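The report that follows is meant for someone meeting this structure for the first time. Please look over the sequence and the model before reading on.

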Amino acid sequence: MNRFANPARFMRLSDRLIPWCAALTVVSLAIGLWGALFVAPPDYQQGEAVRIMFVHVPAAWMASLIYFLMALASGVALIWRHPLADIAAQAAAPLGAGFTLVCLVTGSLWGQPMWGTWWVWDARLTSVLVLFFLYLGYIALVNAFDDATRGSRAGAVLALVGIVNLPIIKFSVDWWNTLHQPASVFRMGGPTIDSSMLWPLLVMAVAFMFYFSTVLMLRMRSAILSARLRAVRLGAAEALDAAALGSPS
Amino acid sequence: MMDEVTHFLAMGGYARFVWPAYGFATLVLGGMAVWAWRQYGRQRRQWEAQAGARPRRGR
């Protein structure tokens, strides 16, 4: 694991992986959208509005998954001080916030025709909104310090504390009386939705995962290059200072 | 043919909810990808300019 977490090795590996992940994103997205818009039948109760689910549900899964990965990377960064772990967590945060926003907005667009309201303060919706604010809080906290190391450490602690929200999101529909329907895919006893709707949903989730991997690697590469540039410039500035101090005035 | 397209776009009367949902997702996910790609391009150009000004030590 440590072997692959070396920044130089990551740069070489990601250089080869990004084109593959990008291509797989395009292919799986095309298949997923074809299944979602043309193959899946309209729901017997929701009609064509059910097609919103093919974006909403995978976005919701990604919102939680990315937070979990971000918290995991933060834990690794805090315990082992691994340089790539902080970079990964910080590169993932805006993507997680984006998926959470997509989940909230598409959910709202589904809720208006189905529930008769854009928003309701029920446990599932509120806990996902809290997740969105956790992402924003993490991003703000990491950038709030002049010293980048202190910012990263404070952000990592917040990411770890915020992980308590994930089981609340998952089980909110079982623990409380909510307007939001209970799980229909990842549940004891298997999925309750028909395979004609299940496969486009899963392919869309795969597409979102490839998309996330591609953009995450791009953002991590940017962060590594930016850190290298800073180090080179700092080295050059220090060399200049040393030369100025050493030269006779 | 035209009727089929109109029927598809109407989304059984839910067009004003379904299409904005897909549009918003495209906007956010597409926007984040373009942002990341441009940011990477900028960093890479800066790094290459810096690397060109001193002895090369790999990417």
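A residue counts as buried if 20 or more other C-beta atoms lie within 10 Å of its own, as exposed if 12 or fewer do, and as partly exposed in between. The model discussed here is a predicted one.

**The two chains**

The secondary structure of chain A consists of seven helices and zero strands, so that its elements, read from the N terminus, run α-α-α-α-α-α-α. Along its principal axes, the C-alpha trace of chain A spans about 85 × 35 × 30 Å, and of the contacts in this chain with a separation of 6 or more, 76% join residues 24 or more positions apart. Chain B has two helices and zero strands. Buried residues make up 38% of the 249 residues in chain A, and 15% of the 59 residues in chain B.

**The nonpolar core**

The largest nonpolar core has 73 residues, and Ala59(A), Ala63(A) and Ala89(A) are those with the most contacts inside it. Two or more residues are given to this core by each of helix 1 (7–39), helix 2 (53–80), helix 3 (83–115), helix 4 (123–142), helix 5 (148–162) and helix 7 of chain A, together with helix 2 of chain B. Leaving aside residues up to four places away in sequence, Ala89(A) touches Met70(A), Ala73(A), Ser74(A), Ala77(A), Ala156(A) and Ala159(A).

**Where the chains meet**

The contact between the chains takes 31 residues from chain A and 24 residues from chain B; on the side of chain B, these are 17 nonpolar, five polar and two charged residues.

**Two helix pairs**

Two packed helices are described by the angle between their axes and the distance between the axes. The table sets out these values for one pair between the chains and one pair inside chain A.

| Helix pair | Axis distance | Angle |
|---|---|---|
| Helix 7 (residues 195–246) of chain A and helix 2 (residues 15–52) of chain B | within 9 Å | roughly 30 degrees |
| Helix 4 of chain A and helix 5 of chain A | 8 Å | about 165 degrees |

Because angles under 35 degrees count as roughly parallel, helix 7 of chain A is roughly parallel to helix 2 of chain B, and the crossing of these two helices is left-handed. Among the residues that make their contact are Tyr211(A), Val215(A) and Leu218(A) of helix 7 of chain A, and Leu29(B), Met32(B) and Trp37(B) of helix 2 of chain B. The residues of this contact divide into 13 nonpolar, six polar and four charged.

Since angles over 145 degrees count as roughly antiparallel, helix 4 of chain A is roughly antiparallel to helix 5 of chain A, and their crossing is right-handed. Their contact involves, among others, Leu134(A), Gly137(A) and Tyr138(A) of helix 4 of chain A, and Gly151(A), Ser152(A) and Ala154(A) of helix 5 of chain A. By class, the residues of this contact are seven nonpolar, five polar and no charged.

**Two residues with positive phi**

Most residues other than glycine have a negative phi. Arg81(A), although not a glycine, has a positive phi of about 50 degrees, and lies in the loop between helix 2 and helix 3 of chain A. Because 11 other C-beta atoms lie within 10 Å, Arg81(A) is exposed.

In chain B, Met11(B) has a positive phi near 50 degrees, and lies in the loop between helix 1 (2–10) and helix 2 of that chain. Is Met11(B) buried, exposed or partly exposed? Because Met11(B) has 19 C-beta neighbours inside 10 Å, this residue counts as partly exposed.

Note on methods: Residues numbered from 1 in each chain as written. Chains lettered and ligands numbered in written order. Predicted model: local features only at pLDDT ≥ 70, side-chain atom pairs only at ≥ 80, totals over all residues. Contact = placed C-beta atoms within 7 Å. Nonpolar A, V, L, I, M, F, W, Y, C, P; charged D, E, K, R; others polar. Axes fitted to C-alpha atoms, helices over the stretch in contact; angles between N-to-C directions. Helix = DSSP H or I, 4+ residues; strand = E, 2+ residues; numbered from the N terminus. Parallel < 35°, antiparallel > 145°, perpendicular 65-115°, else oblique. Left-handed = near helix turned anticlockwise from the far one by under 90°. Core = buried A, V, L, I, M, F, W, Y, C linked by C-beta atoms within 7 Å.
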